[in-house]
Amino acid sequence: MLIYSQPLELTKLLAAIDNFLQGNLTPGWTVLVKGILVGILILAAYTLIALSLIYIERKVAAFFQARLGPNRLGKYGVIQSLADMIKILIKEVIQINKADKLLFYAAPFFVIVASVLAFGALPFGMNLHALDFNIGVFYLLAVSSLGIIGILLAGWSSNNKYSMIGAMRSGAQFISYELSAGFSLMTIVVLSGSMQFSEIIEGQRYCWNLFNGHLPAMIAFLIYLISGHAETNRGPFDLPEAESELTAGYHTEYSGLQFGFFYLSEYLNMFIVAAVAATVFLGGWMPVQIKGWEAFNQVMWYIPSWAWFFGKAGLLMFFSLWVRWSFPRLRIDLLLNLEWKYLLPINLANLLVMVVIVLSGFTLTDLFPALFGK
Amino acid sequence: MKFIQYIGGIFTALRSLAGGMIVTWKELLTPKVTMEYPENRKTLVISDRWRSELIMPHDENNEHACTACGICMINCPNGTIQVTSSSIDTEDGKKKKILDKHLWDYGSCTFCNLCVITCPSDAIIFNNDFEGAVFDKSKLLHRLNHEGSKLRDRKKEASTLDTSAKKENKEA
Amino acid sequence: MTEQIIFYLLAIVVTVFSILAVTSKRIVRSATYLLFVLLATAGLYMLLGYYFLFAVQVSVYAGGIMVLFIMAIFLTHKPGNNVSIKQGWRVRLSLLLSVAGLLLCGEIILNNTIGIVRFAGKEEPTMQQIGTAMLGTGKQQYLLSFEMMSILLLACIVGAILIARKTKTEKNEPNETEL
């Protein structure tokens, strides 16, 4: 395999930092400093991505409604969400009299810790991967399931019936749709034969999993998008915080930074869902490459891998926003109907079909090894 | 049979969802109707019928048409207008009322237009200059007649076609 | 050194929150403390390098069962009320039982330390190894017990549906909406 020139890749910079640290510190301290650096980077990226997502969401929502959206602060209102962040930071955290104080304060941390844990394990680009577990996909599903506990506790400890109903709805919805999300990811794990993100991405060098597994992969992709969308309590599935009936659902009683935690994690969860879908189905940070077309591949590699990653994830996020601003909110029984009577049975059958296809060699890489094979 | 309905239902749902998304996609690309106000001051068009600020038009000789009759003050439903006048002796020995101050409170005006309709000499009108916000409540009290202004000569006025046409309109 | 510090931290978390989970008078708080215990246990697996077990612990116990626990508690009558322990003999009996359990486990662990180290020292099994071990029929493979588990769970689900389902006679009676 040819080695392509990658001018904008961060690999060299990272190696230089690594060399510098190892040259000046003992191994133990190197690990510690690296850990702290990575932690700061992840938290900074978390905040930055969430803030820019809030801005993009407001802008896209406005455009879908033939408005202009935020346009006052900075050119086209780009620092609007920064101003919002400052406002939220200096707001008072209101104490609720008859709330269960301990759980009330702990709940936002559950939500945000779960989403930071999942965020930290994402492969952002070539060598931009903090944790590469051999169970990457499973790890992501596991830690993201912790967030729902925070939502349930928030709803209960607020001592408010709207919060409580919102939390119960959210719980029922999350548990249901988590099944579908898990199964559709498992379909792709069957196809790529690994749960490790780096291996899944490497396996999609010449053919994305979406096309490699053709029909079942596309069904899994669709189901993952739907259930991921539902898991993040957004779009037509936002009835845990249906403002017309529940004021704001589980975070009705929260203010200031605590509300900010819920807000940030909601947007970040949207990013995580889009990023996982991009990594697992659309090749992650791997640039588009065609076997044999070396010049074309070289041009594609000039675009850095992190740009590919954010581009693909951004496309899926735009899709998610499009869905959100297109459809009316579902009723709770229709919502559960969709999951238990449609998505889950289809998903189970789909998984079986995928197993048959992989075992009998009907994937594109098996059928046309000259075009798509590794 | 039920199974066929089940599968058919999925495709119907997908088709109708796609239909909805096409509608919103078109909406995304439509030109936006939002006006960005302070930037578009030059091109901003406010309807002539918009009543914003009561003014008393003065001509180039600093003359107005107000005879200080006080009808606008009487007709104002919430006492927004205060007309103060004084009487002077003219050259031919008659007594005549002249306007001292015509005060109008922007803050309590409901823009009902009654003062303008009832004014017998069309001395006051509403303009459409809507940027009336001030930082001090006392600035809302406007004095409509300019400093040193005086009543326009009636005879000159009668000869102008414009006012007579206006009066006809009013009678109609 | 670092590993030891982390281990002791996790051990303290497990111990403290276990005690809190039992002694807390509010049941939702108890459930939350139990969640911390489970998460700290997952942390121990992480420390040992068993990532698969870590993920299973987090997703099944912390993310799955605890959510069901909390939701079930919400559905009970007045979950916010403080519980007062009245019968002293129950406390004493359960204390006795837990001390007995601790002694038994401690005895087993102490006498088999070498065996535990032998298993713990191995490298983490890959997903393929775990999969074949779960679904194989050979030596040290667990298809039979795996399937037994699934049948048990299926029976539970069927039973739950049977309990939750309305009977036919109930259906014929006019319900509230019809009135």
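How many residues does the contact take from chain C and from chain A?

1. The model is predicted. In it, the contact draws 31 residues from chain C and 26 residues from chain A.

2. Putting chain C and chain A together buries an area of about 2300 Å². Carbon and sulfur atoms give 83% of that area. On the chain C side that touches chain A, the elements giving two or more residues are helix H2 (27-48), helix H3 (51-75) and helix H6 (127-134) of chain C. H3(C) gives the most to this side, with 16 residues.

3. By class, the side of chain C that touches chain A holds 23 nonpolar, five polar and three charged residues.

4. Two backbone angles deserve a look. Most residues other than glycine have a negative phi. A:Ala66 is not a glycine, yet has a positive phi of about 60 degrees. A:Ala66 sits in the loop between helix H2 (27-64) and helix H3 (80-89) of chain A. Is A:Ala66 buried or exposed? A:Ala66 is buried, because its relative accessible area is 12%, and buried means under 20%.

5. The other angle is in chain B. B:Asp122 has a positive phi of about 50 degrees, although this residue is not a glycine. B:Asp122 is in the loop that runs between helix H3 (114-118) and strand E5 (125-127) of chain B.

Terms used:
Residues numbered from 1 in each chain as written. Chains lettered and ligands numbered in written order. Predicted model: local features only at pLDDT ≥ 70, side-chain atom pairs only at ≥ 80, totals over all residues. Heavy atoms only, no water. Contact = heavy atoms within 4.5 Å. Buried area = accessible area lost by both parts, 1.4 Å probe. Helix = DSSP H or I, 4+ residues; strand = E, 2+ residues; numbered from the N terminus. Nonpolar A, V, L, I, M, F, W, Y, C, P; charged D, E, K, R; others polar. Buried < 20%, exposed > 50% of the residue type's maximum accessible area, 1.4 Å probe, protein only.
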